[in-house]
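Trainee: Could you take me through the pocket part of this model with care, and then through the elements around it?

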Amino acid sequence: MLPEPLFHNLSPINPGIVILEYARAISRMQHVGEQGHMALLGHSLAAYISVLDRERLRKLTTRILSDTTLWLCRLFRYENGSAYFHEDDRDGLVKVCRLVINARYEEYASEGYSVLGSRQPVIYQSASGRPGLGQHLCSQLGLPLSSLCTVPCNTIFGSQHQMDIALLDKLIKEDIEARKLPLLLVANAGTPGAGHTDKLARLKDLCDQYSMWLHVEGVNLATLALGQVTSAIMAASRSDSMTLTPGQWLGLPAVTAVTLYRHEDPALSLAAGLTSSQPVAKLRALPLWLSLQYLGHSGIVQKIRHSTALTQQLLPKLKTLASIKTLVEDELSSPVVLFRFSQEISSASSGGSVEGHCAGEKEVLDAFNRWLGEQLLQLVPTSGVDVVELEDEGTCVRFSPLLTAEVLGTQEENIVDIMEKLSELVSVMCSTMCLRQDFREESHRHSPSLSYVQQLSWPGLGAVRYEPRAEGMDESRRKQEMQKINSELLKKLQDLETDIIFSTGPEFGTEEDCIFVGMVTEDVDVSELVDTLASLGRDIEESGRLLDNMTEVVRKGILEAELQLQKANEEKLMEEGALRQLPLVGSVLNWFSPSQSSIKGRTFNLAAGSLDSTETTYSTKAQPGRPSLQDSSTSLRKQPGQRLFRRSGAGSDSFSETSSIGPAEETTRDTSAIPSESINPPASHPVVEEDPHTASVVVPGYIQETGQVQLEDGGASEERVPDGQEVEQSGE
């Protein structure tokens, strides 16, 4: 029972809401097969089994642990091994290091870390290993970072991702001469980035020579379960320990990692934490035990074989694409496919000079490959591809079905989908790469209105910025004007009927107030695209200046109108006399002797910026000479059968017609025309507004939709006349 005060504070839970939320969670869950449900069931059973009496619990957990260990050792060809089950896949290596320290330093159990001062232990790892693994080991073991030695990979001969064995031998000898103790070597059977395997056989011989412990980890260890295993991977079975992640390989959720090791002293294993005397700790093997029982040996092998077969199906297809470069060393058995879009930028321009364009070529290709990986994952979610950053090759796309196939349900037909989408994406990237230099030159041609922005990390045609004319403007005002124009320009471009993507660029980009143009197809007319950018920017700039000028004209006109109204009132007073201005007396006098005023009204012409007489309006009963309003913005219309920004007669069969727009019409501007959207509709009462840029005053009450303002005689009152109606002047 909950405590009484706490119970009152709890609100009742609607069971329907709980069921609905559970259904939503199920719909968002990853693909979980029957073996996955069996693993989840194991966690529940472990909780129930833990309440058994101690003797029965000990017998049951010992049987589960021994059976699981025996099956894993037979399955992955690791004879006479012991198993340690752990949640964190790095925890097994930490425990193994403690085991080796206890074994190599006999007084460590009694003296502790003080015995390490005589001979500092050294842990060796590959430069292609897991990032942060060595630092984690040192922090967990209480060792200084000087105890960690990172071995470079081959730089001249051999693979760029395999440990340099000759250099490792040299480093070990130097440490021995410095009275250090070579303790342990961490090797890779499938590097985290490229999936390459170190020369494990030679590394094992080197470790035996210097009495070092060899630990192996990597995704390629899964292939040990297959019938045919390469000699490079088979050498992992000779290692002193290795860490397996069967949950990833078999699609088992919430299943622990396993570290298999060989050591004859159970006391040292217990001291290192590799074994436990607590029966409940042994229940961590139960979910994996149930899953292995359910799948059987044939089921496990079939799933691993299915994942490796997917890579063998994709690899030859990738070789048929001219602009795709594969980076797989052991092509016959590698479970990881690494590829990269590669095209020479120096020969990419369709016209014009490309001198100096190769600068930053690698960064541009990295940006394109990053975009390629993101698009592939979005278009084919079941592919499970991801983007990796390699030191030498740069950004690459990785397909590792051993880590994703069982979770995502990747099948052979998904390989066909990958190739179809990849062909379309490569075609678009090649077209964009070819037109980048043309876009740059066309942008320079429109200087200083357009400035080309060098953004190598942008996967697209390029970036430009419209530069307003800075005549008489300070720097802050100029930046504000540039931000306003480019923001409005981006909105207009995004409203165009085209497949080209215009955006503000990367989320964490350094350039501001720029227009970033995305991927395009080969039929895009770059010259017309840049002309449209410059034309739209110029129209926006001139529209803003016209509005500012019109605001100043209206302000001056209102001041002049106020003076003329005041003068007209004075003339009316002199003409009619003071008695007629009194409310009661004036009404009586006007009744007996109506006054005929000779003073007429005034009309304010916005186009001319002048006050005119309304005598013509009263005589002709019509408004004289109204200027027609025109929209100053450029109107982009498609010609029949032609799309925006596309060359006439050019066809495109590329990426979903990505990009292109048709010819832009030249904008004709009448200097007397006023943008209709810049005139606000009048309010019921005059409201005075001040423009922050021009410090002008706009009185919407005086402005008519016709572009003119009627100023009537009559004291302090003015009446707004609707469009098309005449104004009758009263004698009052």
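Mentor: In this predicted model, the largest pocket has a volume of about 1,000 Å³. Its lining is made up of 48 residues, and those that lie nearest the centre of the pocket are Arg130, Gly190, Thr191, Pro192 and Gly193. Two or more residues of this lining come from each of the elements β2 (120–126), β6 (241–244), α11 (246–250) and β10 (386–390), and of the elements it is α11 that gives the most, with four residues. When the lining of the largest pocket is divided by residue class, 19 residues are nonpolar, 21 are polar and eight are charged.

The second largest pocket has a volume of about 560 Å³, and 31 residues line it, with Thr230, Ile233, Asp330, Ser333 and Ser334 lying nearest its centre. Here the elements that contribute two or more lining residues are α9 (200–209), α10 (231–234) and α14 (286–318). The lining of the second largest pocket divides into 12 nonpolar, 14 polar and five charged residues.

Two of the strands that line the largest pocket, β2 and β6, also belong to an open sheet of seven strands, whose order is β1-β7-β6-β5-β4-β2-β3 and whose pairing is mixed. The edges of this sheet are formed by β1 (82–86) and β3 (148–151), each of which pairs on one side only. On average, and with direction ignored, neighbouring strands of the sheet are turned by 20 degrees against each other.

The buried residues in α4 are Leu57, Thr61, Ile64, Asp67, Thr68, Thr69, Leu72, Cys73 and Leu75. An α-helix has 3.6 residues a turn, so residues three or four places apart point the same way, and the buried set can be read with that spacing in mind, including Leu57, Thr61 and Ile64. After α4 comes Arg77, which has a positive phi, near 60 degrees.

Key. Residues numbered from 1 in each chain as written. Predicted model: local features only at pLDDT ≥ 70, side-chain atom pairs only at ≥ 80, totals over all residues. Heavy atoms only, no water. 1 Å grid on protein atoms, 1.4 Å probe; cavity = no way out; pocket = protein on both sides within 12 Å on 5 of 7 lines; lining within 4 Å. Points joined across faces, edges and corners; volume = space filled by probe spheres on them. Nonpolar A, V, L, I, M, F, W, Y, C, P; charged D, E, K, R; others polar. Buried < 20%, exposed > 50% of the residue type's maximum accessible area, 1.4 Å probe, protein only. Pairing = 2+ DSSP bridges. Axes fitted to C-alpha atoms, helices over the stretch in contact; angles between N-to-C directions.
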